[in-house]
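Here is a short tour of one protein model. Look at the strands, then the cores, then a single residue.

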Amino acid sequence: MDNQLNRRRPSGEELLGTDILLFWKNTPKLSASFVALLFVTAKILAEDVCENSGTPLTGTHQKCECPTGFKGFDCSEKVTVCEGNPCRNSAVCVDNDDGTFTCNCQPNYEGILCEKKVRPCDMQPCKNNGICSDDGTKCFKCECPDGFKGFDCSKKVLPCEVSPCQNGGVCSNEEDGSFKCTCTTGFTGLVCTRKETLFASTVLEGNNEWIDQLQEWLPSQLQEKKMKLCYRASDNGWASSTFHNFCDNKGPTVVLVKVGKYAFGGYAAAAWGGSARYIKADTSFVFSFSNRDDLAPFKSPVYQNNANAMYTNNGYGPTFGGGHDIYIANNANGGTSSYTNFGHTYKPPSDYKLFSMVVTSWLCRNKEIRYTSLNCETQFKNFKGLNGVQLRRCYIELNSLLYNVSNTMKNSVRNTPKLSASFVALLFVTAKILAEDVCENNGTPLTGSHRKCDCPTGFKGFDCSEKVTVCDGNPCRNSAVCVNNDDGTFTCKCQPNYEGILCEKKVRPCDMQPCKNNGNCSDDGTKCFKCECPDGFKGFDCSKKVLPCEVSPCQNGGVCSNEEDGSFKCTCTTGFTGLVCTRKETLFASTVLEGNSEWIDQLQEWLPSQLQEKKMKLCYRASDNGWASSTFHNFCDNKGPTVVLVKVGKYAFGGYAAAAWGGSARYIKADTSFVFSFSNRDDLAPFKSPVYQNNANAMYTNNGYGPTFGGGHDIHIANNANGGTSSYTNFGHTYKPPSDYKYTTKEAKQLLAGSYNFTPSDVEVYYFDNGK
């Protein structure tokens, strides 16, 4: 009972009174019922006691004056930090469980108490190192770095967004982050830049209409066949013998000729080549795409002298017809020996005869004949065979002399061919003088002067020659600029945030379509807007084009640089080449070495010093070119020193041939030759084995053998080596094996390839480029 009373403040004495308590203490035999009554009374009185040292207010125990830190009717509630409103600038205060508090700041404020005002850019809204700019209140803009886009630069630019595919190719993004171009007809390559077939012609220059027309003219059995270039004079040289070396015995061919802006040629239905002779080929034809008289493209078949359709002669270039209709001379670029005697064998267009064409050409091109009077028609009629096309040419030249005469006068001239030029000029000058000071549009000269006019309604200006426009009445509103249109209407160029025919309507920022290139706009209804840019564009208003290098097109460590024409250039790292550095070069492309840098560096060190800086080129790879030994010799004979690489499963070895392969079957003395191993049966470190005996047998060349080193042979690659185990290594006959390995022993024979006889996985031969 004491504990029940003493746990509260004020004390029991204050609640029950001293007399009652003393009475209770001095009366041990007090009845239980009375004690219970006292307890209940004390409990009732104690229920409304002030807690936490609160003080009851005078005259009542039902109200308390609470100390600092407490509140409520009985001071039992603790005052929280947030009740003191510590947060500033309308921040929301949150009490934490541990007695601390947190201020949730309004936009543009920060700090423990949200006491610091911040600019939008202080919040670092631009992702991926984007550069932020703001208006100081709530709007910001992000300038995104290469490779990123979006309002906050959070979206990555994909390869296809920079349109890497050229010439109409369609780009698709791949899952691995690369891209693929589906090229249009006539183009191929990674980004569709390499022309194929007739689209690569320097004569047709990619003209689709000409290419389609030529395909239609060809015999039906050839229209679907792929065409390949056998000769181009600008690349291969102008000697007629070169044309025959490259194109004889190729079957039917198409010859294309370019002379300045003119393009023509012929279809040869038979093969070129053989002894000098005419060839009967009835389905041959010649054709023209662009010509002197601007005729539409035409095809001219054989119509007479058909035994002379073609003429082949090693001293002539491609030649059609007897006469010849088309003749390309030997070394044609060095003079004017080539000619066209069109019409001898191939039928020219109607109205074209040999004599008339020669005369017209002379008349129209001779600089001395420039008609100063209109007797051109008479002059032309003195020559037989001239046609309407040529007469119209004459009239065009005459009209160009009268360019400053009115259309009416020109029509008069056309209808009066013999009107003298001097009279026409007189008419023109007289009309100009009379018209100079007259009031136009029914204007009335002012009294005493013809220099000023009283203009009728609708006209203005010194001589009433200016028409009053709609803009003179200032129809546009809200400070818009009025522009008169050529058709008599007008256009109002509105100030920002206005639109409508008269600029009468105020608009939201996005209504002005500020986002360029189909960017998606969002705004705040007043002055701030944001643009979500489409693929290929970036910037605050999507006006900046994403450059090719921003999507990192260069592979394998290549460095990208943007070019002025909108393309890009990759500077590739060692061992790679190609548009985007995806093609391995030299030894890095080897199927035997498989890009092993240590092996490649070691091989370079083993080579003679004069060859170490030279570029190596592949002349033969068995897996690509075939396994016949004759193919190896066709591709690699007479190339000078070579490096032979052999792969047998996991083993890689080969040899350096200091002399050239080729010639009659024989051994070759080449003292600086050596064989080598990179990976071998006994896991020895890479080693080089020089010639140490039988040095007259360093190499063995034979058209029926693949690359072979040493007498015995130390390394022998058989003909069609992939078809059996005829290849072998008799290591040690001529080339010195590592210590502890002796010639004729099993260990020496099996060291290089894992066994004496073997089937190679691949064989490669590289030669040295003398130009590097």
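In this predicted model, T319 has a bridge partner in β24: Y327. T319 belongs to the run of β23, residues 319-320. Two bridges link β23 and β24, and the pairing is antiparallel. Both strands sit in an open sheet of four strands, in the order β19-β22-β23-β24. The pairing in this sheet is antiparallel. Which strands stand at the edges? They are β19 (277-279) and β24 (326-327). Each has a single partner strand, so one side of each has no neighbour in the sheet.

Strands of a sheet pair through backbone hydrogen bonds, either parallel or antiparallel.

Now go to a hairpin. β9 and β10 form it, with five residues between them. In the turn, G136 has a positive phi of about 85°. β9 covers residues 131-134 and runs antiparallel to β10, joined by four bridges. C132 stands opposite C142 in β10. β10 (residues 140-143) has two faces: F140 and C142 are covered, while K141 and E143 are uncovered. In a regular strand the side chains alternate between the two faces of the sheet.

Helix α7 comes next. It spans residues 240-247, and its buried residues are S240, T242, F243, H244 and C247. These buried residues pack against α6 (233-236) and β22 (310-312). Just after α7, N249 takes a positive phi of about 60°.

The largest nonpolar core has 34 residues. Y620, V646, F653, F709 and V763 have the most contacts inside this core. The elements giving two or more residues to this core are β41 (616-621), α15 (629-636), β42 (642-648), β43 (651-657) and β52. The table sets the two side by side.

| Core | Size | Residues named |
|---|---|---|
| Largest nonpolar core | 34 residues | Y620, V646, F653, F709 and V763, with the most contacts inside it |

In soluble globular proteins, nonpolar side chains tend to be buried together.

Beyond its neighbours within four places in sequence, V646 is in contact with residues including V592, F653, I717, F758 and V763.

Finish with D769, in the segment after β52 (762-768). Is D769 buried or exposed? D769 counts as buried, because its relative accessibility is 15% and the cut-off is under 20%. Leaving aside neighbours within four places in sequence, D769 is in contact with K614, K615 and K617. A polar contact of 3.4 Å joins the side chains of D769 and K617.

Conventions:
Residues numbered from 1 in each chain as written. Predicted model: local features only at pLDDT ≥ 70, side-chain atom pairs only at ≥ 80, totals over all residues. Heavy atoms only, no water. Buried < 20%, exposed > 50% of the residue type's maximum accessible area, 1.4 Å probe, protein only. Polar contact = N/O pair within 3.5 Å; in protein donor to acceptor, adjacent residues only side chain to side chain. Contact = heavy atoms within 4.5 Å. Core = buried A, V, L, I, M, F, W, Y, C linked by side-chain atoms within 4.5 Å. Pairing = 2+ DSSP bridges.
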